[in-house]
Amino acid sequence: MTSTTRTFAPAPTDPAEILAAVEALSAALVEIDASHRRIRHRLAHDLGFSTGELTAIFLIGSTENCTPKHLAAELDLSTGAITAMVDRLDKAGHVERIAHPTDRRSQLLTLTFRGEEAMDSIMGLYNSAIEDVVKNSPCVFDAGLIDCLRHAANAIDTAATRAGTGIAE
C-alpha cells in the first residue's frame, strides 16, 4: 500500500461551522451506537443470550482478572443480579468461576471453551462488518480519522464521568 501525505483543513473557528460539525459528528456517532445495539441484539438472539449476557460474555472475555464486582459495575447491575446471570452462564457452560489468587472473598470469571466460541462468533460478525468498511471506505486509512474517533470515545467517557459526579460543562 502506498502512503500518501494529506493535509487537513484547520479546525473551524466560526461558531456556525463548529455547530454544524458537532451536529454532523454527533449524528454519525448516534447512528453507530444504534447499529451496535442492533448487531448486539441479533448476536444475542442467535447465540441464545440476553443482550446483558452477551455483554457479560464480551466483558469477561476481554477483561483481565474480571470479578463479579467489576462485572456488576460495568453492567450497572446489583451483585444479586450478577450472581444470577453468572449462574445462568455457568450452567450453560460459557463461564466458570475460579478462586481469586489474592482475595479469598472474591472470584475471577473466565470463559470456558464454549464461552470462547461465543466470543469468537461475536468478534467474527463484528469484524466482518468492519472489513466491509475497510474495503469500501478509503478514509479509514487516514490516521486522522482513527485519532478523531479515539478522541471522541475519550471525550464521551469524560462526559460520562462528569455526568456521574453531577459536574456539567
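The model is predicted, so to speak of local features takes a pLDDT of at least 70 and side-chain atom pairs count only at pLDDT 80 or more, while totals for chains, interfaces and linings use all residues. Residues are numbered from 1 along each chain as its sequence is written, and side-chain values use heavy atoms, with hydrogens and water left out.

Val95 also turns up in the largest nonpolar core, among the residues with the most contacts inside it, alongside Phe49, Ile57, Ile60, Leu71, Leu75 and Leu89. That core has 23 residues; such a core is a set of buried Ala, Val, Leu, Ile, Met, Phe, Trp, Tyr and Cys residues joined through side-chain atoms within 4.5 Å, buried being under 20% relative accessible area with a 1.4 Å probe, protein chains only. At least two core residues come from each of H1 (15-47), H2 (51-62), H3 (68-75), H4 (79-91), S2 (107-111) and H5 (113-136). Helices (H or I, at least four residues) and strands (E, at least two) are DSSP runs, numbered from the N terminus. H2 gives the most, with 5 residues.

H2 also meets H4: Gly52, Glu53, Ala56 and Ile57 on one side, Met85, Arg88 and Leu89 on the other.

As for H5, its buried residues are Gly115, Ala118, Met119 and Ile122, and these pack against H1, H2 and S2.

Key:
Buried < 20%, exposed > 50% of the residue type's maximum accessible area, 1.4 Å probe, protein only. Contact = heavy atoms within 4.5 Å.
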